[in-house]
Amino acid sequence: MKYALIGCGRIATNHVKAVLNNGLEFVAACDIELQNIESLLAKHDLQNNKEIARYADYKQMIKEHPDLELVAIATSSGAHAEIALYCIENGINVIIEKPMAMSIEDAEKIIALSKEKNVKVSACHQNRFNIAVQQMRKALEKGRFGKLSHGSIHVRWNRNKDYYDQAPWRGTWAEDGGCLMNQCIHGIDLLRWMMGNEVDTVYGITKQQQHHYLECEDIGMAVVTFKNGAVATIEGTTNVYPKNLEETLYLFGESGTVKLGGKSTNNIDVWDFADETEADAANKGLEEQTSNVYGNGHTSLYADVIDAINNDRTPYIDAVAGRNALEMILAIYQSAATGAPVKLPLEKVASTDFAGRFDNE
């Protein structure tokens, strides 16, 4: 299957690992800075591979490779939707790094166009493939939690000025958003997915406590009510000193309690069920070793998308999932800006609607 990567920055190495692990035919890479491509390929000992064409213009790349079957988009977030729509229009299946788009309207366009063109779109929420997350999901789908009471996600990480200085688009409303949109979206995706997806209201608060050189928030908190009666809390921040502390997901039901922990929901810290079996012992204290906070899920996500293309089915993590995670964050932003709870679904809301929020803080 012929593959190309657009965007060769920080997260791109996980994509290349997934490409190699899944045996894709890597025909092209694109980045507005050609040196980024060379640095990325060198990390994987591919710098001398002349079969991988290098481009600074993704449209030229697609024009010269009309037989591309799968493209991954790992650029600055503000460019995701435009590039995705161009690929889909040209009949190419896409994996889109989070967030899938920066506005509800663009997310809806991606969903609609992918259906029209019969193209597969996967939002890159790879933590759904974490071993711990998959075990929680299996227990949930078997009904082992009983009626859900509540849940919570805590993403307590650190991002310092050096991180933001690496790329000027980071922390901007047009190209990135703040800690919720960039760092915490994976956890927010997991929370919504686990708790039934159907959200009623979101009440949020966002602040800029330490990163005053950015446009956006560095801490956000929210209370969410779901249509199934369950409630949840969200805490996301990049203000933890001196380094990433944890990403923890809690799920509480009438007959089960699970806490996923570690740096990125890759461990099982608590696993208690009323109908406990011998098989549960393997989950108590489970730890999945990862080399970074992005985890190991990209390889599994790629394998799923390849299978979805080959068998003409919907990917496990589809464009609707990408829209849902984006909607949660935009709802928090809107609630924080207005001081009032926000009812879902959202319609015409974009990250740029909140430009200037922290200018006087």
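**Pockets, helix packing and ring pairs**

Mentor: In this predicted model, the second largest pocket holds about 230 Å³ of space. It has a lining of 13 residues, and those closest to its centre are Ser114, Lys115, Val119, Thr314 and Pro315.

Trainee: What makes a residue count as one of the lining residues?

Mentor: A lining residue has an atom within 4 Å of a point of the pocket. Ser114 and Lys115 are therefore counted, being among the 13 residues that meet this cut-off.

Trainee: Which elements give two or more residues to the lining of the second largest pocket?

Mentor: Helix H5 (104-117) and helix H11 (319-338) do. H5 gives the most, with 3 residues.

Trainee: How do the residues of that lining divide into nonpolar, polar and charged?

Mentor: There are 6 nonpolar, 3 polar and 4 charged residues.

Trainee: Why are H5 and H11 called roughly antiparallel?

Mentor: The two helices pack at an angle of about 175°, with their axes 10 Å apart. An angle over 145 degrees counts as roughly antiparallel, and therefore H5 and H11 are given that name. Their contact is made by Ile104, Ala107, Glu108, Ile110 and Ile111 of H5 together with Ala319, Val320, Arg323, Leu326, Glu327 and Leu330 of H11. By class, this contact has 8 nonpolar and 3 charged residues, and no polar ones.

Trainee: Why are H9 and H11 called roughly perpendicular?

Mentor: H9 and H11 pack at an angle of about 105°, and their axes are 9 Å apart. Angles of 65 to 115 degrees count as roughly perpendicular, so the term applies to H9 and H11. On the H9 side the contact is made by Ile185, Ile188, Asp189 and Arg192, and on the H11 side by Ala321, Asn324, Ala325, Glu327, Met328 and Ile329. This contact divides into 6 nonpolar, 1 polar and 3 charged residues.

Trainee: What makes Phe145 and Phe273 an aromatic pair that is edge-to-face?

Mentor: Their rings are 5.0 Å centre to centre, with 75° between the planes. Rings pair if their centres lie within 6.5 Å, and planes over 60 degrees apart count as edge-to-face. The structure holds 14 aromatic pairs.

Trainee: Why does this pair tie together parts that are apart in sequence?

Mentor: Phe145 sits in the loop between helix H6 (131-141) and strand S7 (148-156), while Phe273 belongs to strand S13 (residues 267-273), so the parts tied together are 128 residues apart in sequence.

Trainee: Which omega goes with the cis peptide bond from Lys98 to Pro99?

Mentor: Omega is near -15° for that bond. Pro99 is in the loop between strand S5 (93-97) and H5. The peptide bond from Tyr241 to Pro242 is also cis, with omega near -5°, and Pro242 lies in the loop between strand S10 (231-237) and strand S11 (246-253).

Trainee: What is the phi of Asn197?

Mentor: Asn197 has a positive phi, about 70°, although it is not a glycine. Asn197 is in the loop between helix H9 (185-194) and strand S8 (199-207).

Notes
Residues numbered from 1 in each chain as written. Predicted model: local features only at pLDDT ≥ 70, side-chain atom pairs only at ≥ 80, totals over all residues. Heavy atoms only, no water. 1 Å grid on protein atoms, 1.4 Å probe; cavity = no way out; pocket = protein on both sides within 12 Å on 5 of 7 lines; lining within 4 Å. Points joined across faces, edges and corners; volume = space filled by probe spheres on them. Helix = DSSP H or I, 4+ residues; strand = E, 2+ residues; numbered from the N terminus. Nonpolar A, V, L, I, M, F, W, Y, C, P; charged D, E, K, R; others polar. Axes fitted to C-alpha atoms, helices over the stretch in contact; angles between N-to-C directions. Parallel < 35°, antiparallel > 145°, perpendicular 65-115°, else oblique. Contact = heavy atoms within 4.5 Å. Phe/Tyr/Trp six-rings, centres within 6.5 Å; stacked < 30°, edge-to-face > 60°.
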